[in-house]
Amino acid sequence: MTSWGRKCIGTVVLIVAMSAVVACGNNKAADGNAVQTGNKTEQAAAASAAPAETGKKPSSEGATRTIAGEFGEVEIPVNPQRVAAIYLEDYLKALGVTPVVQWYHPSWGKQDYLNLDVPEFDISGSIEALLDKNPDLIIADGGVDAAKYEQYSLVAPTYRLPESVLQDSRLILTAVADALGIPEKGKAVLAEYDQKVADGKAALQQALGQEKVAVIRLNVADKTVALFGVKNRFTGVLYNQFGLTPVPMAAEMTEFQSIISEEVIPELQADHIIVFPDNGEWDTAANQEAIRILDGPLWKNLPAVKNGNIYRMERSHWQSGAITANLMKLDDLLKAFVK
């Protein structure tokens with residue numbers, strides 16, 4: 001027994017006994033759907049993006065250092081080699097690091113857009129499946145609460161990102177890069193990201209001006225429509241980074257999304273509507289049926305519908321607010337709007 005979780009028989013017994021707890025763990029939204037709290041200023045939040053380092057052993061093979069996460073200090077490898085990033089694989093890919101597993105949930109699927117060729121880890125199942133992959137570091141976001149954090153800590157040193165960075169993908173990338181021991185790589189990735197966003201924003205503003213954009217999700221199972229607000233962690237980037245103008249309803253929303261009824265559809269006032277399903281691909285029968293919602297008489301009177309400005313997007317990266325996903329959304333917008 002050589003892994004963190006195999007140091008004593010008692011620990012393994014505890015893992016087995018507690019695996020049922022994991023199976024009943026919190027159903028957090030997919031794609032790193034962390035707790036969404038109020039925004040902090042860039043300057044204040046940036047100071048907390050890097051893990052607070054409280055101790056360090058000599059830099060050599062097997063060396064460790066101590067950093068402060070959301071649930072306290074944790075001793076992690078200086079140069080981790082086998083990393084599991086629960087809900088955070090997007091950031092590892094952006095940094096050129098391949099995780100040992102990719103999270104998966106039977107109801108939500110996984111982040112297909114990453115095209116990772118690694119084993120899946122069913123986060124609704126037993127923690128022992130992760131133990132078998134022998135990670136030397138686990139990084140997790142707000143989808144992991146204190147109870148799950150204790151479970152993951154039985155497998156390997158676990159760094160749970162601080163709440164203070166969870167609302168900004170740039171701060172998350174910085175924290176992850178620092179935990180991996182590659183802060184300079186993180187800075188390089190962010191510099192490239194910022195340049196692409198700046199160029200894309202300029203092109204979009206030239207193409208659209210102040211035309212209003214709405215982002216909606218079709219909830220296929222219950223046949224409802226959700227309007228995403230400006231504070232939504234997945235799509236708020238369209239407004240606060242890419243410079244698009246939200247429809248008034250989205251601009252005024254304090255919640256992250258809101259189910260809209262047919263009665264308020266005429267108030268949407270959208271020049272352009274971006275739409276994606278809550279699950280699966282557009283070519284499934286259920287999603288083909290769902291799109292017919294937009295054929296109703298109230299929808300047909302919307303400016304966006306009249307002018308054919310409806311854009312079907314793939315749900316996988318549109319339901320993620322991470323770095324790679326954001327750039328993919330930007331590419332989708334440039335393709336749709338910039339001629």
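Proline 183 lies in helix H7, where helices (H or I, at least four residues) and strands (E, at least two) are DSSP runs, numbered from the N terminus. I begin at this residue and will return to it after a word on the model.

Residues are numbered from 1 along each chain as its sequence is written. The model is a predicted one, in which local features need pLDDT of at least 70 and side-chain atom pairs count only at pLDDT 80 or more, while totals for chains, interfaces and linings use all residues, and side-chain values use heavy atoms, with hydrogens and water left out.

First, confidence and overall content. The mean pLDDT of the chain (the predictor's confidence in each residue, from 0 to 100) is 84, and 82% of the residues reach 70 or more. Over residues 6–48, however, the pLDDT is below 50, and this stretch has 85 contacts in the model beyond near neighbours in sequence, a contact being heavy atoms within 4.5 Å. Residues 54–59 also stay under 50, with 11 contacts beyond four places in sequence. Where pLDDT is low, the predicted coordinates should not be read in detail.

The chain contains 14 helices and 14 strands. Of its 339 residues, 51% are buried; buried means under 20% relative accessible area, exposed over 50%, and partly exposed in between, with a 1.4 Å probe and protein chains only. Among contacts with a separation of 6 or more, 66% are between residues 24 or more positions apart.

Let me return to helix H7. It covers residues 183–208, 26 residues in total, and reaches 37 Å from its first C-alpha to its last, close to the 38 Å expected at 1.5 Å a residue. That expected span is 1.5 Å times one less than the number of residues.

Is proline 183 buried or partly exposed? With a relative accessible area of 33%, proline 183 is partly exposed. Leaving aside neighbours within four places in sequence, proline 183 is in contact with Ala177 and Asp178. Its C-alpha is separated by 9.8 Å from that of leucine 95, 88 residues apart along the chain.

Which residues of H7 are buried? They are Gly186, Val189, Leu190, Tyr193, Val197, Gly200, Leu204 and Leu208. The elements that cover these buried residues include helix H3 (89–94), helix H6 (169–179), strand E9 (212–219), helix H8 (237–240), strand E13 (272–277) and helix H14 (323–337).

Leucine 173 is buried, at a relative accessible area of 0%. Beyond four places in sequence, leucine 173 is in contact with Gly186, Val189 and Leu190, and also with Tyr91, Ala94, Leu95 and Ile323. The C-alpha atoms of leucine 173 and glycine 186 are separated by 6.6 Å, at 13 residues apart along the chain.

At the other end, just after H7, glycine 209 takes a positive phi of about 60°. Glycine 209 also belongs to a cavity lining, which is my next subject.

The whole structure holds 2 cavities of 30 Å³ or more. On a 1 Å grid over the protein atoms alone, a cavity is a set of points where a 1.4 Å probe fits but cannot get out, and lining residues have an atom within 4 Å of a point. Grid points are joined across faces, edges and corners, and a volume is the space filled by probe spheres set on the points. The second largest cavity has a volume of about 30 Å³. Its lining consists of Leu204, Gln205, Leu208, Gly209, Glu211, Val213, Gly243, Leu244 and Thr245. H7 gives the most to this lining, with 3 residues. The lining divides into 4 nonpolar, 4 polar and 1 charged, where Ala, Val, Leu, Ile, Met, Phe, Trp, Tyr, Cys and Pro count as nonpolar, Asp, Glu, Lys and Arg as charged, and the others, Gly among them, as polar.

Most residues other than glycine have a negative phi. Asparagine 134 is found in the loop between helix H4 (128–131) and strand E7 (137–140), and at 32% relative accessibility counts as partly exposed.

Terms used. On a 1 Å grid over the protein atoms alone, a cavity is a set of points where a 1.4 Å probe fits but cannot get out, and a pocket is an open set with protein on both sides within 12 Å along at least five of seven lines; lining residues have an atom within 4 Å of a point.
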